[in-house]
Structures are given as C-alpha cells and as structure tokens.
Amino acid sequence: MTRKKVKLAYITNDSARKATDKNRMKGLTKKMSEMRTLYGVDTCAIMYSPYKSQPEVWPFSIGFQQVLSKLEMIPEMEKSKNMLDQKTFLSQKITKVVEQLKNHCKENWEKEITQVIFNNICGKGVIHGLNFGALSDINLFLDKKNE
C-alpha cells in the first residue's frame, strides 16, 4: 500500500506538530543508520528541535566525535574534490545531454540509411532518385558495415 503525498504546510495543532517532529527525527536517524549500513559510510547528524533545549546528536557523542575528527583530518583539497557549484554542474549536464543527442542522431542516421537500403532491395525505393549526399552516406554506411 502506498502512502499519499504529504502536504507540506505549517501544522497549527501543537500536539500534532510535536508528534510529527518526533516521527521525522526518528525517521531521519533511521535513514542515517541505513546509509551507514548499506553504503559503509560514516554518517552523523545534528538535529535541532523547538521542543528540546539541547540539539539531538546522532550517533551519540562518541560516534559523532569520531566522524567529525575524521572529517577534520581530510585535507581541504580532498574535501572539495567532488564538490560542484551550479555552473559546473550545469555544464557537465549539458555536455552529457549533447553527447546523448549526438548518439541518437547517429542511431537515427543509421536507421534511415538501413531503411533506404532495405527499400531498394525490396524494390520499394528508387536509388537513382537520391541526391549525391544520400548516395555518399549509403556508401559510407556500407563501408563501415563491411569492416
């Protein structure tokens, strides 16, 4: 059974808001624990709540201190190695999409040439009606297939 989409809005009922806060905190710690188990990574979280005077730290103090000390020991260059700003992220995405477009264009070209050749073999197409560019494309395609 799937859940219905939660409407994100301020919860006016104090007890319902407090219960939701408690459940969300519990869910967050469960996700952090799952990430630690599934991916073998060190995770920690500092969670502030208006219902508690002190922030909640996960995993408790000792585990949290270990994760922070590991983070502090990593050189700054290593920390920022995989970080991207928005411009770099978008540039990488655009490059990837352009490559995908080139691949799709190539596949479409090969399908069109194959269709022209097939139609000519079956007698449905007329090869003498094609222009020089189309004929050279067919020749190039056939040369690639014969290699």
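Author: The count comes to 6 salt bridges, where a salt bridge is a side-chain nitrogen of Lys or Arg within 4 Å of a carboxyl oxygen of Asp or Glu. This is a predicted model, in which local features need pLDDT of at least 70 and side-chain atom pairs count only at pLDDT 80 or more, while totals for chains, interfaces and linings use all residues. Residues are numbered from 1 along each chain as its sequence is written, and side-chain values use heavy atoms, with hydrogens and water left out.

Side chains of opposite charge can pair when their charged atoms come close. One of the pairs is Arg17 with Asp14, whose closest N and O atoms are 2.2 Å apart. Both residues belong to helix H1 (residues 14-39) and are 3 residues apart, about one turn of the helix; helices (H or I, at least four residues) and strands (E, at least two) are DSSP runs, numbered from the N terminus. Arg17 counts as buried because its relative accessibility is 18%, given that buried means under 20% relative accessible area, exposed over 50%, and partly exposed in between (1.4 Å probe, protein chains only).

Helix H1 also holds Glu34 and Lys31, 3 residues apart and so separated by about one helical turn. Their salt bridge spans 3.8 Å, N to O. Glu34 is partly exposed at 30%, whereas Lys31 is exposed at 52%.

Asp42 and Lys70 form another salt bridge, at 2.6 Å from N to O. This pair links distant parts of the chain, 28 residues apart: Asp42 is in the loop between H1 and strand S1 (45-47), and Lys70 is in helix H2 (residues 61-73). Asp42 counts as partly exposed at 43% relative accessibility, and Lys70 counts as partly exposed at 47%.
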